[in-house]
Amino acid sequence: MRKLKLQDYVILITSIASFFVAFISSAPAVALPQLAAEFSLNNIMQNWVINIFLFTVAIVAVPFGKFSGMYGIKKSYNIGLILFLIGSILSAIAFSTESLLVFRAFQGIAAAILYNTVTSLVSVAVPEQIRGKALGIMVSAVYIGLAVAPFIGGILTDYLGWRAIFYFSIPFILITLLISFTKVKDEWSMYENETFDIKGSILYGVSIFLLVYGFTIINEPNGLILAIIGAILLIAFIYLELRVKYPVFNVRVFKNTKFLSSNLASIISYIATFLVTYVLNYHFQYILGYNETLTGVLLLVTPLLMAIASPISGNLSDKINPQKLAAIGMAFVTLALFILIFLNAETPLYVIIVAMVLQGIGFGIFASPNTNLVMSTVEPKETPTASVTITVMRVVGQTLSLAMLTVIFAIIMGNVAFVPENFPQLIESSSTACIISTILCAIAILASLWGLKSKNIN
């Protein structure tokens, strides 16, 4: 048997961390009906159980990305694991709606550190000739986590209650910490001689908070005002970062056309697709009356196929143009969401499964090449910046996706409970969300192809 190298251990620990961050980000979704019953959550607040996690990641991702580059990528990764462990324990013992949201936000802080460091670790520790394959394995771990989250989460919720979802990750995180401390002793720091940009960090956090939160209530006058203020402050943040010596985020990397187009495709794709799991979760449990376990089994389809397709497309992206692969993948996703526009109580299950299969294969083809392209178009010293960008595009996109669904619910349904008399409005809300998502996916195809002939690639 071949002796394991440093790169093997790095791929192992980053894949485990990626798996559990993905798992804990989505597994509570299948437990929402049970959480709603225990804490009296309405339809809007149920979305916030998931959204607060992503919302927090989006706010703190940039400063923690800079921190990891200064303090050390591997040490930051270990800190992220420890905080994630604590957050899991706290979430499991939540005693009210407020405590659950606070503890989920704490988990989000830990996830932001892990999101940033796992991609950076793979990029600096794995040779360039197999980097696409390694990133594909890591991305596959994310989708395996998403795949088994509804299934394992449904079983745990059915038999042990929703708290078991958070206890589930604890022994695995402890094992991963042990491997990291004993087998990965190297350290990588890119910004150790730089100062930390406190003003930029604060301005970024405030702008993202106002922009994203304002979007979640944009159907209200205050929401529009907050979103506009957030957008203005985000522009001010970019202006500031172009003028400081050591910015918390080097916005100049976006001058690279391939880097810009790949990130644009990424954020649009997440806005379009992340809400689909919740649309189908609500459809299976409320419209069709399936229990948590059966719902979890059905929701396995899409992420499981993502997990299968990601390492294959990641390996291919080392050999052929990753932008073309990404565009092909997004075309499959566009077709899948178009099918779901017509979702209603009479839609045959096999039609839903076909759409889920297309989405899973398509996003699996899209994600790894897109990630490889982002990480390959910057100088080595900007690896943490590229990793942060991937994190921000993902979590801001996911947050805006759920925010969009929340706004659609608020406009069509109002602030109500999911009860049979409101099911026609739930179906209408789902259809509206899929129409918007289909249009966004078509735009993501164009974004993937934008700059195809550009030569500014590292």
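A: Start with the helices. Both α3 (43-71) and α9 (198-216) supply at least two residues each to the nonpolar patch. Of the contributors, α9 gives the most, with three residues. Keep in mind that this is a predicted model.

Now the members. Phe 67, Tyr 71, Ile 79, Phe 196, Ile 198, Ile 202 and Val 206 make up the patch. Together they form a nonpolar surface of about 590 Å². Take Val 206 as one example. Val 206 sits in helix α9. Its relative accessibility is 36%, so Val 206 counts as partly exposed. A patch residue needs over 30% relative accessible area.

Lys 66 has a relative accessibility of 5%, so Lys 66 counts as buried. The cut-off for buried is under 20%. Glu 194 has a relative accessible area of 22%, so Glu 194 is partly exposed.

The count of salt bridges comes to two. The other joins Arg 163 to Glu 38, with the closest N and O atoms 3.0 Å apart. Here too, distant parts of the chain are linked. Arg 163 is in the loop between α6 (131-160) and α7 (164-167), and Glu 38 is in helix α2 (residues 32-39), 125 residues apart. Arg 163 counts as partly exposed, because its relative accessibility is 26%. Glu 38 counts as partly exposed at 41% relative accessibility.

Next, a pair of helices. Two packed helices are described by the angle between their axes and the distance between the axes. Helix α4 (residues 73-92) packs with helix α8 (residues 170-183) at an angle of about 165°. Their axes are 10 Å apart. That angle makes α4 roughly antiparallel to α8, because angles over 145 degrees count as roughly antiparallel. The crossing of α4 and α8 is left-handed.

One last stop is helix α15 (residues 349-376), where Ile 353 lies. Ile 353 has a relative accessible area of 24%, so Ile 353 is partly exposed. Between the C-alpha atoms of Ile 353 and Val 142 there are 21 Å, with 211 residues separating the two along the chain.

Technical notes:
Residues are numbered from 1 along each chain as its sequence is written. This is a predicted model: local features need pLDDT of at least 70, side-chain atom pairs count only at pLDDT 80 or more; totals for chains, interfaces and linings use all residues. Side-chain values use heavy atoms; hydrogens and water are left out. Patches are made of residues with over 30% relative accessible area and no salt bridge: like charges are joined within 9 Å, nonpolar side chains (Val, Leu, Ile, Met, Phe, Trp, Tyr) within 5 Å. Accessible areas come from the Shrake-Rupley method with a 1.4 Å probe; for residues, only the protein chains shown count as cover. A salt bridge is a side-chain nitrogen of Lys or Arg within 4 Å of a carboxyl oxygen of Asp or Glu. Helices (H or I, at least four residues) and strands (E, at least two) are DSSP runs, numbered from the N terminus. Buried means under 20% relative accessible area, exposed over 50%, partly exposed in between (1.4 Å probe, protein chains only). Axes are lines fitted to C-alpha atoms, for helices over the stretch in contact, and angles run from 0 to 180 degrees between N-to-C directions. Angles under 35 degrees count as roughly parallel, over 145 as roughly antiparallel, 65 to 115 as roughly perpendicular and the rest as oblique. A crossing is left-handed if the near helix is turned anticlockwise from the far one by less than a right angle, and right-handed if clockwise.
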